[in-house]
Amino acid sequence: MDNDMKRSIILDNYQDAKNRMIPENTDDYVMINSNNQSCIDNINIYVKLNNEKIEDIKFDGEACVIAISSTSILSNLLIGKTVSEAKEILNNYFNMIEEKEYNQNILDEANVFEDMYKQPSRKTCATLFARGINNYLKDK
């Protein structure tokens, strides 16, 4: 994927973020807050599990382009996955960000962040959602 395509996907997922809304009935969701202490990035993630499957994810909050676009892409990727599948996707995503071996085939659009290791200060932005949801799923 070339840099123009990556930029286009990132901007599209920022300007028209998928799943960016507070659920109508928050009683069906678990809310997780994920923030970056050194900047404005602060999102609330709403997760709805049903029989070990991620039925829905919504989010809301303020964050930079990288944080919002990665949240949009990853939340969309995780909806409909089992907890086990979600953990595998997140593990591969973290490995990609940290320049470790990973399976790019399961990351779909999240591969746009494959060069994030070149910008160490942006890793926190790119993993804002992933850290929050990963912490929640680790005990599931």
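Analyst: A residue is called buried when its relative accessible area is under 20%. This is a predicted model, and in it Cys125 comes out at 4% relative accessibility, so Cys125 counts as buried. Cys64, at 18%, counts as buried too.

User: How many disulfides does the structure hold?

Analyst: A disulfide is a covalent bond between the sulfur atoms of two cysteines. Here there are zero.

User: On to helices. How do α2 and α3 cross?

Analyst: For a helix pair, look at the axes and then at the residues that touch. The axes of α2 (residues 65-78) and α3 (residues 83-97) come within 10 Å and cross at roughly 150 degrees. The crossing is right-handed. On the α2 side you'll find Ser70, Leu74, Leu77 and Leu78, meeting Ala86, Ile89, Leu90 and Tyr93 of α3. That contact divides into seven nonpolar residues, one polar and no charged.

User: Which elements do the buried residues of α3 pack against?

Analyst: They pack against β2 (42-50), β3 (53-62), α2, α4 (123-126) and α5 (128-137). Among the buried residues of α3 are Val83, Asn92, Asn95 and Met96.

User: And what follows α3?

Analyst: Glu99 does, with a positive phi near 60 degrees.

Key. Residues are numbered from 1 along each chain as its sequence is written. This is a predicted model: local features need pLDDT of at least 70, side-chain atom pairs count only at pLDDT 80 or more; totals for chains, interfaces and linings use all residues. Side-chain values use heavy atoms; hydrogens and water are left out. Axes are lines fitted to C-alpha atoms, for helices over the stretch in contact, and angles run from 0 to 180 degrees between N-to-C directions. Helices (H or I, at least four residues) and strands (E, at least two) are DSSP runs, numbered from the N terminus. A crossing is left-handed if the near helix is turned anticlockwise from the far one by less than a right angle, and right-handed if clockwise. Contact means heavy atoms within 4.5 Å. Ala, Val, Leu, Ile, Met, Phe, Trp, Tyr, Cys and Pro count as nonpolar, Asp, Glu, Lys and Arg as charged, and the others, Gly among them, as polar. Buried means under 20% relative accessible area, exposed over 50%, partly exposed in between (1.4 Å probe, protein chains only). A disulfide is a pair of cysteine sulfur atoms within 2.5 Å.
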